[in-house]
Amino acid sequence: MYDYDLLVVGSANADLVIDVERRPAAGETVLGGDLAVHPGGKGANQAVAAARLGARTALLGRVGDDGHGRLLLDSLRAAGVDTAGVLVGGAPTGVALITVDPSGDNSIVVSPGANGRLAPRDVRAAAPLVHACPVVSTQLEIPLETVVEVVRNLAPGSRFVLNPSPPRPLPSEVLAACDPLIVNEHEARVILGDARLGEDPEDWAHLLLAEGPRSVVVTLGAQGALVCDGSGARRVPSVKVDAVDTTGAGDAFTAALAWKLGSGAALAEAAAYAARVGAAAVTKRGAQESYPTAEEVGAL
């Protein structure tokens with residue numbers, strides 16, 4: 001019996017968000033709306049999203065000993081996330097600078113801060129926590145060598161889920177552990193290279209699968225997702241909603257999918273549920289504040 005349903009190893013950032021009529025070009029200044037500060041970071045977002053859905057969730061990460069760090073810890077605990085694995089100190093809390101345009105699309109620049117100090121030794125020290133979960137999910141807002149260490153410390157029979165964001169080439173050791181590797185079009189292009197990527201997401205999925213993952217999920221925004229494993233590829237539809245803010249929607253998708261896989265759902269079933277969670281998340285502003293409960297997902 002596992003102590004948790006999901007362990008997220010990843011980043012925790014303060015999101016500094018400004019609404020803009022349009023994003024500035026190089027060398028240009030534009031005026032925006034009032035600054036809003038929200039708890040965020042891909043790791044903390046995933047942990048909060050899963051906990052809101054009812055998953056017993058823990059986070060292994062690092063924040064600074066500062067106001068942003070306290071904001072994040074308060075948000076995690078309020079959602080029901082176990083923060084025993086969140087280390088404090090070593091650098092200021094990570095910050096994400098986010099602009100959101102009227103269509104709800106966003107652009108993000110991240111200062112890793114304390115996230116960059118989450119080291120392989122921290123993963124080794126947290127081995128009992130890693131072994132207490134059937135699924136471990138991570139991203140790339142922490143050092144790649146730390147992600148490699150997560151793979152090396154997985155418990156036998158556990159499942160590793162990776163969203164390679166921000167994207168970068170991945171070592172074969174990490175790719176081989178992914179079940180699934182979850183990417184959007186931009187992330188697929190970085191991993192595969194533009195020259196190999198055509199117009200068909202099914203081709204992307206098969207090319208990515210050939211790189212070594214056990215399964216692949218390609219997220220397609222309002223078009224849902226595509227899942228691919230050894231048995232083939234399958235489209236998963238989403239739910240039509242009016243998007244207000246897409247910030248953190250991919251993290252909600254990943255968290256929901258990881259949790260459902262850990263509970264025994266098949267990949268396509270888990271992705272279909274995750275698509276509904278992601279759709280619900282874009283109907284509200286912010287990242288963690290927008291994440292739905294299981295009841296709200298059921299009402300879509």
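**Salt bridges, helix packing and cis peptides**

Modeller: Arg56 counts as partly exposed, at 35% relative accessibility; buried means under 20% relative accessible area, exposed over 50% and partly exposed in between, with a 1.4 Å probe and protein chains only. The model is predicted, so local features need pLDDT of at least 70 and side-chain atom pairs count only at pLDDT 80 or more, while totals for chains, interfaces and linings use all residues. Residues are numbered from 1 along each chain as its sequence is written, and side-chain values use heavy atoms, with hydrogens and water left out.

Colleague: Which residue forms a salt bridge with Arg56?

Modeller: Asp5 does, and the closest N and O atoms are 3.0 Å apart. A salt bridge here is a side-chain nitrogen of Lys or Arg within 4 Å of a carboxyl oxygen of Asp or Glu.

Colleague: Where do Asp5 and Arg56 lie?

Modeller: Asp5 is in the segment before strand 1 (6-9) and Arg56 is in the loop between helix 1 (42-53) and strand 4 (57-63), so the pair ties together parts that are 51 residues apart in sequence. Helices (H or I, at least four residues) and strands (E, at least two) are DSSP runs, numbered from the N terminus.

Colleague: How many salt bridges does a search of the whole structure find?

Modeller: The search finds eleven. Among them is the pair of Arg70 and Asp65, with the closest N and O atoms 3.8 Å apart.

Colleague: Is Asp65 buried or exposed?

Modeller: Asp65 counts as exposed, at 63% relative accessibility, whereas Arg70 is partly exposed, with a relative accessible area of 48%.

Colleague: What about Glu185?

Modeller: Glu185 forms a salt bridge with Arg189, the closest N and O atoms being 2.9 Å apart. The two are four residues apart in helix 7, which means that about one helical turn separates them. Glu185 is partly exposed at 35%, and Arg189 is partly exposed at 22%.

Colleague: How does helix 7 pack with helix 8?

Modeller: Helix 7 (residues 185-192) and helix 8 (residues 201-210) pack at an angle of about 45°, their axes being 11 Å apart. Axes are lines fitted to C-alpha atoms, for helices over the stretch in contact, and angles run from 0 to 180 degrees between N-to-C directions. The two helices are therefore oblique to each other; angles under 35 degrees count as roughly parallel, over 145 as roughly antiparallel, 65 to 115 as roughly perpendicular and the rest as oblique.

Colleague: Which residues make that contact?

Modeller: Glu185, Ala188, Ile191 and Leu192 of helix 7 meet Trp204, Leu207 and Leu208 of helix 8, where contact means heavy atoms within 4.5 Å.

Colleague: And what is the arrangement of helix 1 and helix 9?

Modeller: The axes of helix 1 and helix 9 (residues 249-262) come within 8 Å and cross at roughly 55°. Helix 1 and helix 9 are therefore oblique to each other. Residues in the contact include Ala49, Ala50 and Leu53 of helix 1 and Ala255, Ala256 and Trp259 of helix 9.

Colleague: Changing topic, which peptide bond to Pro166 is cis?

Modeller: The bond from Ser165 to Pro166 is cis, with omega near -5°. Pro166 lies in the loop between strand 9 (159-162) and helix 6 (172-177).

Colleague: Where is the place of Pro180?

Modeller: Pro180 is in strand 10 (residues 178-183), and the peptide bond from Asp179 to Pro180 is cis, with omega near 10°.
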